[in-house]
Amino acid sequence: MSCWETVQAYALRSLGIGERLLPRGEIGLCEQITLIGSGLIWNIYFGALALFFGFFFAVALAVGKSARARLIRKPAEWFIFVFRGSPLFIQFFLAYFLLVRLPDEIVIGASVTDISWLTTPFARAWLGALIVLFLNTSAYAGEIFYGALQSVPKGDLEAADAYGMTGFKRFRRVTYPTMLRLAWPAYTNEAIFLFHATTLVYFSGFPAFRQQGDALYYASYFADRTFNPFVPYPIVAAYFIVLTLLVILAFGAVNRHLNRHLPTERRARLRYRPNLIR
Amino acid sequence: MFEFCADPSALEGAPWVACYLTNGVHLNFYQSFLTVLILLAITAPVSLAFGFVGASASRSRVPPLRWLGTLYTAMVRGVPDIVFFLFFVIALDQALEWVNHQIRCPDWDEPIRQGANFLVCQAAKIPLSSAPQWVHETYNFFIAVFTFAIVFGAFAANVLQGAMRAVPRAQMETAEAYGMTRRQAFWRILVPQMWIYALPGLSNLWMILIKATPLLFLLGVEDIVYWARELGGSRTSQYAYPHPDWRMWYFLALLVFYLGFTKVSEVVLARVTRRLSHGQATAGGDAQRKAAA
């Protein structure tokens, strides 16, 4: 098989399009690069969607954690503590067994109606793992936004008061933009590490359905098959370095937009400070 | 464990639970918590040492040494660490066997990499295939510990590098004015002062290290995740203690264990920070001085 044919056969293999069987026998560089790249689609899918939905929930959590009412503050605090204080790996396992078992419990409790059409997607990685990643990144980003919310300059709020802005209007016009601007460099790191964390999905409880996995899943498949870790893992590493650079580029553009009203020397710089494993 | 556990099928309620939780396999499960704690106890100081060497190397005046230090600290950025975990375990294992192979079987003429196989002579296998099970397990565990130490050493090097830079320049200038050599200034001025700057980063790293321990499972060590999966799976009535799929509850227990562990660590680290801030020229140290006055 020529390299171009391999690309045609395996470029979308992780989505179930193309060749059914994974390459056996002769495994060259081309097969490895194509298939691992195909797996990267899942990493981007998990990362991008969790980040998008997580953003809104994180803002809500941050506002909740800084609320004065105990009834709002305590749940937000606990949510953030639980998801930041425990390993993501364990969260994946717990969620998987919860989502697999729960349907049975419900059926026993209520009646014999078959609700598997509703519950099976939750036990699959594309939805189940996405929910876990969404909750996890919400908690981490919520803490970042909470910290930023605490450091919104007092003068800004006083100025808003002076203009007679209160409640939601003050939040939307003054607090929120400043919070976002202050939090953005840290939030960029969170985004990078969320993408890194997506590699855990297929190594935890969630099985790779019909061998449709992410980049690391295919890399470890090749490493097991060829017994040579020196090719597939550097390929994954290279893909992720590119992905990281793209994230920094995109978030850097947003950062410039958020800081555009400030004099140059007061602008917050994006600094890449790893938050590592979760 | 208890006298009344002789016939589990006759038990019900609390005695059943007591017997169930103290049977042989559960004792293995509790022991695996010890495995995690041992891993933390070995990895933390070793990776701190690796980090210290890496950070000092990246400050070195010898260019190759500096490049090596910088490469080490930059290594973990941009790439998911789990890639390193999966990579190092195989790479390390193969490297050790290869070296051993060169020493023990110098007259071996076949290539070591034959297609999809990695073949070394029987005498070079680590551990020897005739070795008892516990040797294999211990070897796996130490390979895992070493992998953790390398990866977290790189993270620690990052933190320490920043801390060394954070020590006020005036302190080093004073050392130079006193006629100290570079080495003396490093050991007597820089190293004692850098810890307070490194502490926030190191405590963060400790939290992350705790949360990374379940990855031991991926490295083939029989850790708490392994046992939770084993024990939680449903048991038919052929077993002494039949039960449905309880993995959910086992992992809930692990979650609680980790939450408790992080909480305790948080409290202890806050206390250490207070101790180390004492007498330092930082905001924290200044606040302590004012409170005392």
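User: How are helices and strands assigned and numbered here?

Analyst: Helices (H or I, at least four residues) and strands (E, at least two) are DSSP runs, numbered from the N terminus. Chain A has ten helices and zero strands. The model is predicted: local features need pLDDT of at least 70, side-chain atom pairs count only at pLDDT 80 or more, and totals for chains, interfaces and linings use all residues. Residues are numbered from 1 along each chain as its sequence is written, while chains are lettered from A and ligands numbered from 1 in the order in which they are written.

User: What percentage of the residues in chain A is buried?

Analyst: A residue is buried if 20 or more other C-beta atoms, placed from the backbone, lie within 10 Å of its own; it is exposed with 12 or fewer, and partly exposed in between. In chain A, 42% of the 278 residues are buried.

User: Why does Asp214(A) count as buried?

Analyst: Asp214(A) is buried because 28 C-beta neighbours lie inside 10 Å. This residue sits in the loop between helix H8 (167–197) and H9 of chain A.

User: Which residues does Asp214(A) touch?

Analyst: Two residues are in contact if their C-beta atoms, placed from the backbone, lie within 7 Å. Leaving out residues up to four places away in sequence, Asp214(A) touches Gly39(A), Trp42(A), Asn43(A), Thr198(A), Thr199(A), Val201(A) and Tyr202(A). Trp42(A) is 172 residues from Asp214(A) along the chain, yet their C-alpha atoms are separated by 5.3 Å.

User: How many residues of chain A are in contact with chain B?

Analyst: In chain A, 34 residues are in contact with 33 residues of chain B. Helix H3 (70–85), helix H4 (88–109), helix H9 (215–226) and helix H10 (232–258) of chain A each give two or more residues to this side. H4(A) provides the largest share, seven residues.

User: Where does H7(B) bend?

Analyst: The bend at a residue is the angle between axes fitted to the seven residues ending there and the seven starting there. H7(B) bends by about 55° at Ala198(B), and Pro200(B), a proline, follows within four residues.

User: What covers the buried residues of H7(B)?

Analyst: The buried residues of H7(B) include Ala198(B), Leu202(B) and Trp206(B). Their cover includes helix H2 (24–57), helix H5 (133–166) and helix H9 (247–277) of chain B.
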